[in-house]
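Welcome! Take a moment to look over the model below, and then we will walk through how some of its pieces meet.

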Amino acid sequence: MSSIQNPHSELVGALYRDHRGWLLAWLRRNVACPSRAEDLSQDTFMRLLGRDELREPREPRAFLVAIAKGLLFDYFRRAALEQAYLTELMLIPESEHPSPEEQQLILEDLKAIDRLLGKLSSKARAAFLYSRLDGLGHAEIAQRLGVSVPRVRQYLAQGIRQCYIALYGEPQLR
């Protein structure tokens, strides 16, 4: 096993030793499944290890909870997405259901789309979904969101940019 050290692994190690038990207890109070709480605890510290920059927090527990809440929110959002897919699947005849392998691929694609759109503001995400899924025009989207038509165009451009990045990577400026 390699012991690759990043510049702040000692700080993360100290946070882990000093606060992991407390964070795990906090997560267990907020998640019904003890295994999921354990995973979220580990993910919190892995997120810290993946950071390019990390300073010692003044309030370590509040800092760790903020990260864990973000992970918890993502978990619940993905679970809701999966449940919505399964609910829709139940509406079609069983003979037309995709195979279990295809269902798994569809779920992975839905999660990837969710991550992609999760980088947009809530209004930009809503505008993009209204346009692409519901087929609404710019004026109708503007009315629903309480914004101007030019703002809707900006939101849609943001959504299309995220799709471009997902497919091709960051655009290269020349």
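The axes of helix 1 (residues 9-30) and helix 2 (residues 34-49) come within 10 Å and cross at roughly 155 degrees. That makes helix 1 roughly antiparallel to helix 2, a label for angles over 145 degrees. This is a predicted model, in which local features need pLDDT of at least 70, side-chain atom pairs count only at pLDDT 80 or more, and totals for chains, interfaces and linings use all residues. Residues are numbered from 1 along each chain as its sequence is written, and side-chain values use heavy atoms, with hydrogens and water left out.

**Helix 1 and helix 2**
- The crossing of these helices (DSSP runs of H or I, at least four residues, numbered from the N terminus) is right-handed.
- In the contact (heavy atoms within 4.5 Å), helix 1 supplies residues including Leu15, Tyr16 and Leu23, while those from helix 2 include Ala37, Phe45 and Leu48.
- By class, this contact of helix 1 with helix 2 has 12 nonpolar, 4 polar and 3 charged residues.

**Helix 3 and helix 4**
- Helix 3 (residues 60-89) and helix 4 (residues 100-117) have axes that come within 10 Å and cross at roughly 135 degrees.

**An annotated stretch**
- An unreviewed UniProt entry carries the annotation "domain: RNA polymerase sigma factor 70 region 4 type" for residues 111-163.
- Over residues 111-163, the chain is 77% helix and 0% strand.

Methods
Axes are lines fitted to C-alpha atoms, for helices over the stretch in contact, and angles run from 0 to 180 degrees between N-to-C directions. Helices (H or I, at least four residues) and strands (E, at least two) are DSSP runs, numbered from the N terminus. UniProt positions are given in the numbering used here, feature names are shortened, and annotations may be inferred rather than shown by experiment. Angles under 35 degrees count as roughly parallel, over 145 as roughly antiparallel, 65 to 115 as roughly perpendicular and the rest as oblique. A crossing is left-handed if the near helix is turned anticlockwise from the far one by less than a right angle, and right-handed if clockwise. Ala, Val, Leu, Ile, Met, Phe, Trp, Tyr, Cys and Pro count as nonpolar, Asp, Glu, Lys and Arg as charged, and the others, Gly among them, as polar.
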